[in-house]
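Here is a structure to read through in questions and answers.

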Amino acid sequence: MSSPAAELIEVPLSDRKLVERFIRVPWYVNREHYPSEHWVPPLLMDRRDYLDPHKNPFFEHVQAAFWIARVNGRDVARMAAVVDADYIKFHGEQTGYLGMFECPDDPTLARQLVERAGSWLKARGMTGMIGPLELSTNYISGALVDAFDRDPGINMPYNPPYYDRLLRDCGMTKAKDLLHWGLDPKQPVPERIVRVADKMAERRGVKIRTMSFADWDAEVLRTLEIYNDAWEKNWGFVPISEKEYLHIAKDLKMVLHPDFAILAEVGGQPAAFVLTVQNINPILKKLDGKLFPFGILRLLWDMKIRPKITSGRLILLGIKAQYRGQGIDSLLFLATHRAAVKQGWTAGEIGWTLEDNFKVNSAIKSMGGYQIATYRVYHKQL
């Protein structure tokens with residue numbers, strides 16, 4: 001398919017009508033152009049807050065531009081470009097982000113979007129760009145390149161199969177694959193893992209406890225140093241500020257069950273943590289992005305009153321460098337597995353992990369994990 005020339009409309013985040021149009025582009029791509037029963041509509045209210053610089057601290061350290069592509073009177077595609085001062089300072093390289101890419105199967109239109117974003121980044125001194133990202137690697141990252149016949153994990157991207165081809169046609173090459181893993185909570189953790197983990201906890205004086213929702217902000221801040229320490233050497237990592245971390249954690253709390261926010265302490269000091277969010281995607285499909293007037297009631301009913309959550313995604317497991325190699329990861333995994341069994345979950349996911357993080361990927365396999373999807377981040381020299 002090839003469209004007539006598209007009009008690219010820049011979207012200032014101060015223009016709420018244009019922002020609303022930008023937010024709704026995925027409905028065109030995934031409902032009309034390439035309909036898929038596996039696509040999960042995001043909550044419109046959440047997307048509005050995410051793109052509001054007055055509410056999202058992310059915008060305090062970035063410059064960003066947003067565009068809608070309009071063809072024959074319809075908004076059919078979108079793109080963002082981001083210069084992240086925190087990324088540049090940490091990595092010492094002039095790399096920008098290609099963000100929030102949504103596009104029909106039209107190579108000409110995709111090129112028009114990528115070139116516009118690239119020109120904008122180059123004009124601000126960038127010599128390369130990575131993406132697609134939902135504005136940063138601290139948020140949703142990559143394009144799905146396989147496993148199109150399954151629903152995505154909570155807060156994981158889903159896109160039509162042609163995205164990989166479109167992005168490669170735009171001169172983008174693979175930078176890194178991100179792996180997503182599946183687990184079956186009904187399968188017991190291998191006995192040797194349980195035995196070694198319990199011995200390690202006793203020998204090292206490791207205390208495992210759930211984080212207090214009543215003291216949530218303080219608990220979250222106990223994990224911030226762990227987060228920045230644990231991921232520091234990972235590809236694409238960007239250190240996160242206290243303000244932004246608290247903002248993300250506030251949103252996560254909405255989809256966390258208290259049993260799945262777990263902290264490991266050694267000598268009374270935070271050493272590691274793991275967070276597993278409930279998979280509310282089946283509920284979100286019913287809401288079609290709308291919380292009001294009745295969506296919020298359905299969400300609360302299915303999550304709290306008559307719980308229908310049967311799976312979740314382990315999104316973070318971090319250990320301070322000084323405590324690695326001591327079996328704490330096994331203890332956290334074991335605690336998460338026991339919580340899943342207690343809640344009657346029938347499926348679990350872990351991800352994402354970097355394709356070349358062999359130590360973590362081997363540990364997941366040793367726990368019975370198996371790869372279920374691959375997401376790709378691309379790079380282009382400018």
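A salt bridge is a side-chain nitrogen of Lys or Arg within 4 Å of a carboxyl oxygen of Asp or Glu. The model discussed here is predicted.

Q: What is the N to O distance in the salt bridge where the side chains of Asp215 and Arg222 meet?
A: The limit for a salt bridge is a nitrogen and an oxygen within 4 Å. Asp215 is partly exposed, at 37% relative accessible area, and Arg222 is partly exposed too, at 34%. Their side chains meet in a salt bridge with an N to O distance of 4.0 Å.

Q: How many salt bridges does a search of the whole structure find?
A: Some of them join into a network, which links Asp164, Arg168, Lys174, Asp177, Glu355 and Arg376. Over the whole structure, the search gives a total of 27.

Q: Which residue forms a salt bridge with Asp356?
A: The closest N and O atoms of the pair are 2.7 Å apart. The pair links distant parts of the chain, 180 residues apart: Asp356 is in the loop between E12 and helix H12 (358–366), and its partner is in strand E7 (residues 173–183).

Q: Are Arg209 and Glu219 buried or exposed?
A: Arg209 belongs to strand E8 (residues 206–210) and Glu219 to helix H7 (residues 216–230). Their side chains meet in a salt bridge of 2.7 Å, N to O. Both residues are buried.

Q: Which side chain does a polar contact of 3.2 Å join to that of Glu265?
A: Glu265 sits in strand E9 (residues 256–266) and is buried, with a relative accessible area of 10%. Beyond four places in sequence, its contacts include Gly205, Val206, Lys207, Pro270 and Ala271. The polar contact of 3.2 Å is with the side chain of Arg209.

Q: Where does helix H1 bend by about 30°?
A: H1 covers residues 16–33 and reaches 25 Å from its first C-alpha to its last, close to the 26 Å expected. A proline, Pro26, follows the bend within four residues. The bend is at Ile23.

Q: Which residue caps the N-terminal end of H1?
A: The buried residues of H1 include Leu18, Phe22 and Trp27, and their cover includes strand E1 (7–10) and helix H2 (44–50). At the N-terminal end, a side-chain oxygen of the cap lies 3.2 Å from the backbone nitrogen of Lys17. The capping residue is Asp15.

Q: What is the relative accessibility of Met100?
A: Most residues other than glycine have a negative phi. Met100, in strand E4 (residues 95–102), has a positive phi near 50°. Asn72 also has a positive phi, of about 50°, but Asn72 is exposed at 68% relative accessible area. Met100 counts as buried, with a relative accessibility of 6%.

Methods:
Residues numbered from 1 in each chain as written. Predicted model: local features only at pLDDT ≥ 70, side-chain atom pairs only at ≥ 80, totals over all residues. Heavy atoms only, no water. Buried < 20%, exposed > 50% of the residue type's maximum accessible area, 1.4 Å probe, protein only. Helix = DSSP H or I, 4+ residues; strand = E, 2+ residues; numbered from the N terminus. Expected span 1.5 Å × (residues − 1). Bend = angle between axes of the 7 residues up to and from the residue. Contact = heavy atoms within 4.5 Å. Polar contact = N/O pair within 3.5 Å; in protein donor to acceptor, adjacent residues only side chain to side chain.
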